[in-house]
Each structure stands twice: as structure tokens, then as C-alpha cells.
Amino acid sequence: MVDTIVKAEALKAYYITKAYGVERTVKAVDDISIEIKTGEVYGLAGESGCGKSTLLKVLLGDFQPPLTVVEGSVSYQFEGMSKDATKLSEQDKRDIRWNKVSYIPQGSMHVLNPVRRIQDTFHDFITTHKGTTKPQSFEMTQAYLRDLGLPEKVMRSYPHQLSGGMKQRVTIALATILYPKLIFADEPTTALDVVVQRGVIQLLKDIQKKENSTVVLITHDLGVHANLADRIGILYAGKLVEEASTRTILKTPKHPYTQFLINSLPSFDERSAKEGIPGRPPALDHPPSGCRFHPRCPLAIEKCSTVEPPMLELAPGHRAACHLLTDEVNHAAG
């Protein structure tokens with residue numbers, strides 16, 4: 001039996017603001033339940049503004065007002081220890097962060113101190129969490145970078161002397177040098193060309209395999225998910241609309257929104273023009289009733305506009321929320 005390392009149950013996280021006596025609530029994460037297994041790469045995909053980064057913040061336990069967890073929980077399971085990430089004390093955060101849970105933020109190549117050599121940045125980071133001397137931290141950094149295939153000269157460099165791809169590799173190494181069991185990565189390949197992306201993806205693969213760590217990966221690029229993720233959750237307008245293995249999502253997507261996403265992917269042997277998803281994502285302060293995708297869905301029926309679809313188990317490990325799939329599930333059950 002595969003252990004679950006992160007479990008989110010009925011999670012609702014809203015941006016709640018008040019200005020001039022008017023309260024505004026943006027339902028960025030609205031009733032999402034997921035389980036992430038030890039040692040897997042779990043991908044989150046969807047259009048910009050669908051709630052991916054907000055969900056990641058809550059799963060990480062790194063959020064503050066106006067983002068508020070309204071309902072639900074996020075439980076971590078570490079070696080018999082259980083913690084709710086939405087209710088971590090400052091001491092819990094210090095104990096867990098980087099040692100057990102790590103974070104590669106969006107645009108992380110810009111977090112490096114421009115006036116410190118890379119080896120000094122690693123030393124500052126390591127000594128904050130472990131009582132080591134400078135020679136010890138340098139030796140630890142050198143060995144880790146060598147294991148990851150990064151050149152030794154990187155240690156003595158300043159950030160401006162490194163390419164964008166190398167800076168991204170260095171920040172990934174920095175985030176994982178204490179061997180965390182759970183790594184959250186938010187768009188780790190953004191702003192990199194495809195050749196450099198491949199190197200960054202391979203680095204993440206190597207780290208994950210060596211330590212059997214769990215990676216929660218956000219990227220809008222389904223090609224990156226295809227290369228890295230074991231399972232993918234598809235988000236739309238703050239809702240989880242489909243979840244399955246990467247192969248299933250790419251080969252036999254069931255939710256109309258997922259099908260649009262997959263069909264928009266370019267392929268080498270196809271010459272016809274690609275169709276985009278009609279319409280635009282809804283504003284999450286006033287989301288549509290029923291299925292949130294129904295205003296853009298060419299397959300929508302009357303029920304879609306009034307009744308929120310339940311999450312249906314289509315097959316072991318494959319679930320989706322769409323009224324059109326109810327007959328399919330009933331037929332399989334019968």
C-alpha cells in the first residue's frame with residue numbers, strides 16, 4: 001500500500017478583502033480534495049487564474065491575509081507525525097520548512113543574492129538550519145552540486161555570471177540540499193528556452209529519484225507535465241475538474257475542459273490550425289452557478305447551468321466532475 005504524504009479535504013481558500021465598507025470574496029480554491037502519494041510527482045495544470053498557485057500556497061502552509069482558509073484541512077504525514085498545514089505554528093514552520101518541506105517559487109532564479117557568491121548563499125542557508133562551520137557547508141555544497149552534475153566553478157560565481165538556466169538549477173539545488181521529503185515547485189521552467197527546460201526537468205527527475213521525494217508541480221505547460229508528472233490534477237476556476245495518471249489525461253481525457261487543453265497541444269505531424277477554448281475564464285468573485293465551465297462548454301446541457309456536478313470515479317485512479325459522464329459511470333456500474 002502506498003502511503004499518502006499530503007491529503008487535502010474539502011479545502012476552501014478565499015481572498016477576502018474589505019475596502020470602503022465593501023467586502024469582496026474571490027473563491028480561488030473552492031472545495032478541493034486531493035491525496036498525494038509518497039514518492040510521486042503530482043502535477044497541477046490549468047489556465048492562468050485557475051487557482052494553481054493559490055492551492056500550492058495553502059498546501060505549503062505559506063499564506064496570509066487576504067488569503068484565508070475558510071474550510072477544510074491539509075494534513076502532512078511524516079514518519080508517523082501528522083500536521084495540519086493550515087494551522088502550523090511558527091515553530092512548526094521552522095522545524096518543517098526546508099528540512100521536510102521545500103519550495104521552489106515562481107521566478108526562483110531571482111532569489112539569489114546578487115552580491116554574494118553562490119557558495120556563501122549556500123553557507124547562509126545551511127547554517128540557518130544546521131549547525132555547520134563554513135568549511136563543512138562548503139564541502140556539503142560541493143558534494144551536492146557534483147552529485148547533480150553542476151560544475152564546481154559555480155560555487156565561486158556570482159549570480160550575474162551564470163546563465164538563466166544555470167541560476168534555475170542552482171536555486172533548485174539550494175531548495176533541496178537538506179533532502180526534503182516533499183518539494184513544491186511553482187512553474188520551475190518559466191522563462192527558459194526549451195533546451196534549458198530539458199536540463200531543469202532532468203535535474204528535478206534526478207533529485208526526486210535519488211531521494212524518493214514527493215514533488216507537487218505547477219506548470220501551465222502540459223509538455224513539462226508529460227515529462228515529469230505521474231498524475232495530473234486539472235483545475236478550472238478554483239475547482240478540480242479531473243484527475244488521473246498522466247498517460248490517461250493525455251490519451252483519454254474525459255472532462256470537456258481537459259479535452260480542450262489536450263487538443264490545444266501542438267504536434268509535429270499535424271498541419272491543421274489549433275482551436276482555442278471559446279470564451280474566457282470567469283471572475284472568481286462571482287463564479288457561474290452549476291458547473292463553472294458551462295458558459296464556455298459547447299456540450300453543456302440545461303442541468304450544467306444550475307447543478308454543480310459531483311466528482312465521479314470513472315475508473316480506479318481516474319475521476320472527473322461532469323454531468324455528461326453520469327451515464328457512463330452508471331453503465332459501468334450496471
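This is a predicted model: local features need pLDDT of at least 70, side-chain atom pairs count only at pLDDT 80 or more; totals for chains, interfaces and linings use all residues.
**View 1. The salt bridge of Glu-9 and Lys-7**. The side chains of these two residues meet at 3.9 Å, N to O. Glu-9 is partly exposed, with a relative accessible area of 40%. Lys-7 likewise counts as partly exposed, at 29% relative accessibility.

**View 2. The salt bridge of Arg-296 and Glu-47**. The two side chains meet at 3.0 Å, N to O. Arg-296 is located in the loop between helix H9 (256-263) and strand E11 (312-315), and Glu-47 in the loop between strand E3 (41-45) and H1, so the pair ties together parts that are 249 residues apart in sequence. Arg-296 has a relative accessible area of 6% and is therefore buried, the limit being under 20%.

**View 3. A network of salt bridges**. Four residues are linked in this network: Glu-40, Arg-231, Glu-243 and Arg-319. The count of salt bridges in the model comes to 15.

**View 4. The cis peptide bond between Pro-65 and Pro-66**. Omega of this bond is about 10°. Pro-66 is found in the loop that runs between helix H1 (52-60) and strand E4 (67-78).

**View 5. Tyr-179, a non-glycine residue with positive phi**. The phi angle of Tyr-179 is about 55°. This residue has its place in the loop between helix H5 (164-176) and strand E7 (182-186). Tyr-179 is partly exposed, and its relative accessible area is 38%.

**View 6. Ala-237, with positive phi in a residue other than glycine**. Phi of Ala-237 is near 50°. The loop that holds Ala-237 lies between strand E9 (231-236) and strand E10 (239-245). Ala-237 is buried, with a relative accessible area of 5%.

Conventions:
Residues are numbered from 1 along each chain as its sequence is written. Side-chain values use heavy atoms; hydrogens and water are left out. Helices (H or I, at least four residues) and strands (E, at least two) are DSSP runs, numbered from the N terminus. Buried means under 20% relative accessible area, exposed over 50%, partly exposed in between (1.4 Å probe, protein chains only).
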